[in-house]
Amino acid sequence: MDLIDLLPTKFVLRDENWQPMCSVIMTQKVHSLAVGGTKSPSFKTVITDLQQAEWRGQPVFSSVHLETEMRGDDITLKKASLKGGSFDLAWLQELSPALHAKLPPLHSGLQFEWEGRDVRLSNTGLVSGGTQEVHLKNLHLQPLTGAGLIKAAALDLKASQDLNGLWHVESGQLLQPVIEWTPALETALLPKSESKQTTAWQARIDELKIRDGIVKLTPTELCPVAGELAWSTNLEGLDISSEGLRSSLSQNLTLADVSLQWGRMNANAPPRPFVQMKAAALEVVPDKLRELMQVDSLVLTGPHFEFTPENGPWFDKIETPPVHSALKPALPWWKQLQFGTLTLTDGTLAIAMKLAERLETTARFTIATEQSKQFLRIDTAEISIPRRSALPALNFTDVEVLATLPEMWRTQRLESLKIAEGHVAVGDALMTLFSGDAAVVQSKADAAAARWSTGKIEVDKMGVTLMRIAPGLPPVRFDVNLITDETPLDLDGLAENVEPQSIKLTHLRIPSPHEPLRTVAEMDVIHVYYTLDGLLHRRIDRVEIVSPLLYVGEDLFWYVENFRKSMKGEAPLIDATFGPPAPPPPTAPGWHVDILSVSDGKLLLAPKGVPLAGISRPFPFSFTSKLESGQLDAQFDIPSDNYTLKDLKLEFRGMKGQVHFNLPMKDRNNNLTETFTVEQLRWKQLHFEKAHLSITYDVHGIYGVFGSSAYGGYVNGAFDIYLDESFSWDGWLAGAGVDLGPVTTTLFPEYFLIDGKVQCKVVATGNKDRLFQGDAEFQNRSRGRFKVSALNDMIKSLPKSLTGTIGDQITRIGLETLRDFDYESIDGKARFYGREGRGHLRFTGPNGARKFDVNVYDHRWKEEPLKPETADAVAR
Amino acid sequence: MKSATPTSKLRRCWRWTWRLSLFGVILLSALLCLAWQERVPMANALLRRYLGDMQVEIVSLDWEDGALHVREMSTLHLPSSKRVSTVGHVEWRPHWSELHLGNLGGLKLEEAVVDVPLAWLMPAAPQPGSPAARQPGSSGIILSLEHGLD
């Protein structure tokens, strides 16, 4: 036929219910149509116009224009255009259920326009795709059920197929693509099915710009990360195929407002993001990336990295590859990257991990690239253990690390490391950090560090503060300077390059933990000799303490008791003054001091923090010992000297002794024990020879045991003086074979004299103000004489014997008989309550017996007891 | 005289032949005139006879200006009693000089409406054992295209 001229014709397609599904008005002119024959059908040109296409009453497109030409077996679509088009994927379900069933279960729709030219078809299919321009708007794709969305405001593409059949995206622009990735969307797009055979395909993007894209992530099975980021990209000369990306041109990707969270955490409390970043710009040539793992440029602006147990399982599993391995494991891809330019500005890092305690690390850093080398500059870095100390245990400022990526990962070597300033507080917090289970982490960290080396290390000023090198010593600070070449990066390797050093500390004072204004110890001079290697192993070579003054009193014992409980893991004593309870005790071993030397020390008895009245003169001592794991076991001598307690009228002649001092206390009674021997102990005119006295102190009191030779016999006893408000005390004294003659002569020369050796026992309790109760007993089964000296004056006032009146003679005889009594045994007992008491003294002899009953009353004025003021008492 | 007899027989034969031909022409003309007079019912009858379930009816059939004009043609699908198409005007302008070559000339359709169910355009469900049934991946659209291109 020469011409088929189809003037506007309306086509209506109906469903099985005869309801209109789609309609279109078609105008068509077919020139030279031939039907039949070997080339049937054939035509010269077909010009088709479609208008007002609708689907279920909704517009599909407003117009389509097609100009088709046929030459030989080829059909050429010379010109085609579509305007005002819109599409809904749901239409396909009725249009082609079979095809629809193969598609993912999604809602989808878009508005589009299209212009095509020079599309050639033949019997074999598409010969040339020609040039296509597609303008899509309001694209959206979302799962049938559940959240999730992929949408874009507009996509403009101009594509063509070259002579080789390769499709080119000559130019393209995608505006405001939004991807809200959710489990529902992932399930719809990436169903869990067996892997399908991939068909080889290839396309080339000459130019494609993506602007103002947004990605919102919800945790899914494949992507456990939640968050949001904005992105844009410029793609140029990029070959995309089923095998990946290829291009010799640079591709750009920029990200902004990045915020990513670990998604598999407690949904009730969304975790903090582990990455936040203002912007990131990536410039990469795919061919270089694939072949050389080279990234031309990566610029990160204002990133904040945060890895804590609360926002992700970052440190749940820390693995270290074996040190000695014949086959080195392949590096992960990100360790193989080399950068033309790697720039990071205003970076911050926060890491928290649970070792023995929670360890928190913060750092501000930048990265720059100069001459293909990467400079990492850490402006500030702090490592702290919050439960232990509010102050950081480790901080650095101005740290510069020079390395070349990726050689750094391959050779495990830094080219240089420079620390301008830093400080390490080596205390319990840091030392106990890797104890317990965390020790495994430390060993792994050490093993990992052992593989690393540094070309040059320069430490300008690294302050080290030893918080508790020994009980009683305050924090000690010193600086470490270090310049080394080709050094292993582990601590031992560093330590070998530091010379032994010493510091001198002066005028140190240990305040009382109970009362800060009081003093536990004063030390004029302390010399500390150490090496860095020793410090790393918690060892100090030598500590010399010159002329310390140790106040022996409850403050010292409070301090010691806290230390002991701390070492044993018990709850510490509650601070009587202020402050919250201390954290759980450390479990790491303490410091070792190879030599702990104390010279010209003074020991001052100060039960309440002030020198004990009458014993204001300190005991001198010196000793040399060692401190192991925080334990001190020292024994030092007090040289022989005379001590006089004037108030007590006590005099110690030739007293010398030993002091046994151990920290922490091994048991309750022997943390500080003084053992004295006294050549002669004098009290008034009484004197005791070869006396010995052992005194033990603890937080509750002073406990003494003594003994001595006394007047032909032996006296021993014990006393406890408690460090309460009134210094309550108790004690006992026993004597055996003591000749009472010199004693009574010395003590009561004007009243009486008892001759003979007795056994006696005195038990008493009281406080500094009064005697609560005292019991005394003494017995003598040997012969002796009891003489009442007080009667001598009366007898002397009488006329001499055989003179005077009969009365005088009788009186003299009576008084002399009463004064002198030879006895064979004595039995005496007395009990006193305060100032009052009673007792008896019985002498039995060949001439009879004497019995004295003694009652002691205190008739001094006393305050009347307070009258009760209760209502009942008033009523009574 | 011998020559006159065959001549007269032949002449008679031609005469009768002429008369019969003339009569036939006249009769044919009469029939054609009659058929032309009744062209629309005849065309409708023919269409009804040969188009099976489709009942095509035309309202007028004219020859004007060297072209056949069919007006108001409508197609009724008898099983469903649905009118599936109407054409306001069909014009067929034959190219007489090339008609013997199979060139039918030009065809022009105006004011046409095609109103059919979608199922008519979809490929029939493949019979069991057919190639299409053995190729579940092939689609009806592709098959249609291939058939069309063949």
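## Around A:K10

Which residues does A:K10 touch, not counting those up to four places away in sequence? In this predicted model, the answer is A:S23, A:I25 and B:V113. One of these, A:I25, is 15 residues from A:K10 in sequence, and the two are 4.1 Å apart in space, C-alpha to C-alpha.

A:K10 belongs to strand β1 of chain A, which covers residues 3-14. With 17 other C-beta atoms within 10 Å, A:K10 is partly exposed.

## The nonpolar cores

Let's turn to the cores. The largest nonpolar core has 40 residues, and the ones with the most contacts inside it are A:V543, A:L550, A:Y551, A:V552, A:L603 and A:L604. Several elements of chain A each supply at least two residues of this core, among them β28 (539-552), β29 (592-605) and the helix α9 (532-536).

Setting aside neighbours within four places in sequence, A:Y551 is in contact with A:T519, A:V520, A:A521, A:L556, A:L604, A:A606 and A:G609.

There is also a second, separate core of 14 residues, including A:V738, A:L740, A:L753 and A:F786.

The open sheet has three strands of chain A in the order β38-β41-β42, with antiparallel pairing. At its edges are β38 (753-754) and β42 (820-823), each with a single partner strand, so one side of each is left without a neighbour in the sheet.

Note on methods. Residues numbered from 1 in each chain as written. Chains lettered and ligands numbered in written order. Predicted model: local features only at pLDDT ≥ 70, side-chain atom pairs only at ≥ 80, totals over all residues. Core = buried A, V, L, I, M, F, W, Y, C linked by C-beta atoms within 7 Å. Buried ≥ 20, exposed ≤ 12 C-beta atoms within 10 Å, placed from the backbone. Helix = DSSP H or I, 4+ residues; strand = E, 2+ residues; numbered from the N terminus. Contact = placed C-beta atoms within 7 Å. Pairing = 2+ DSSP bridges.
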